[in-house]
Amino acid sequence: KVVERAQKMFQSIKKGENPVPPDLRGVVYGTVARHGEGVEHAKMIEMYKTLTLHEEKNRIGAALGYFKDKELLQKTLDFSISEYVRSQDMMRFTGIVAGNSFGREIVWKFTKKNWNFILERYGGQKDLPYFIEPFGSFQTEKDADDIEKFFSKNPAPGAARAIEQTLERIRAKVLWVARDKKNIASWLRKKK
């Protein structure tokens with residue numbers, strides 16, 4: 001019922017008119033995105049382009065990272081480097097997609113492909129570590145090795161500590177799963 005209600009509220013938004021109460025918009029957009037498809041994604045992109053209030057753009061930008069369809073997440077990332085998104089807001093897009101289990105691989109490929117652009121935009125600033133930190137949500141040794149290998153060959157000025165912490169977070173998860181996987185699986189089976 002909640003998803004259906006959010007979808008109805010989202011569909012009621014017309015160009016220049018948003019009857020969704022401001023306190024509910026983030027929840028509505030996020031719920032619609034988690035259960036949405038191309039039509040909803042396109043509408044959110046169009047809304048983002050035409051809005052002037054940055055608070056509203058931030059809500060929509062966050063929701064664009066919640067879709068499950070990998071092609072839509074790729075479109076979100078491509079949009080994040082478009083003329084419609086302020087440079088300081090790009091990191092919000094990539095960070096949310098990195099935290100989405102459907103988007104982790106996509107955002108890492110996007111980062112590697114666009115590293116020179118990212119470095120040109122954020123290199124030498126305090127922002128580069130904030131761009132790297134969301135990769136700590138990754139969960140395999142393969143991910144950690146790939147990140148480590150990439151940054152050993154590609155400079156990330158001012159982000160050495162963020163890279164170390166990101167790798168540490170990933171590897172701590174790997175060790176935790178290796179240590180406790182059987183106990184957790186057993187506990188979950190008992191709860192059924």
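Read along the sequence, this protein chain runs α-α-α-α-α-α-α-α-α-α-α. That comes to 11 helices and 0 strands. Helices here are DSSP runs of H or I with at least four residues, strands are runs of E with at least two, and both are numbered from the N terminus.

A word on the source. This is a predicted model, where local features need pLDDT of at least 70, side-chain atom pairs count only at pLDDT 80 or more, and totals for chains, interfaces and linings use all residues. Residues are numbered from 1 along each chain as its sequence is written, and side-chain values use heavy atoms, with hydrogens and water left out.

Now the overall dimensions. The C-alpha trace spans about 50 × 50 × 25 Å along its principal axes. The chain has 192 residues, and 42% of them count as buried, meaning under 20% relative accessible area with a 1.4 Å probe, protein chains only.

Next, contacts, meaning heavy atoms within 4.5 Å. Take those between residues at least 6 apart in sequence: 67% join residues at least 24 apart.

On to the core. The largest nonpolar core holds 49 residues. Such a core is a set of buried Ala, Val, Leu, Ile, Met, Phe, Trp, Tyr and Cys residues joined through side-chain atoms within 4.5 Å. Which residues have the most contacts inside it? Tyr29, Met44, Trp115, Leu128 and Phe151. Helix α6, residues 87-99, gives the most to this core, with 5 residues.

Look at Phe151. Leaving aside neighbours within four places in sequence, Phe151 is in contact with Trp108, Trp115, Ile132, Ala156 and Ile163. Trp115 is also on that list of residues with the most contacts inside the core.

Conventions. Buried < 20%, exposed > 50% of the residue type's maximum accessible area, 1.4 Å probe, protein only.
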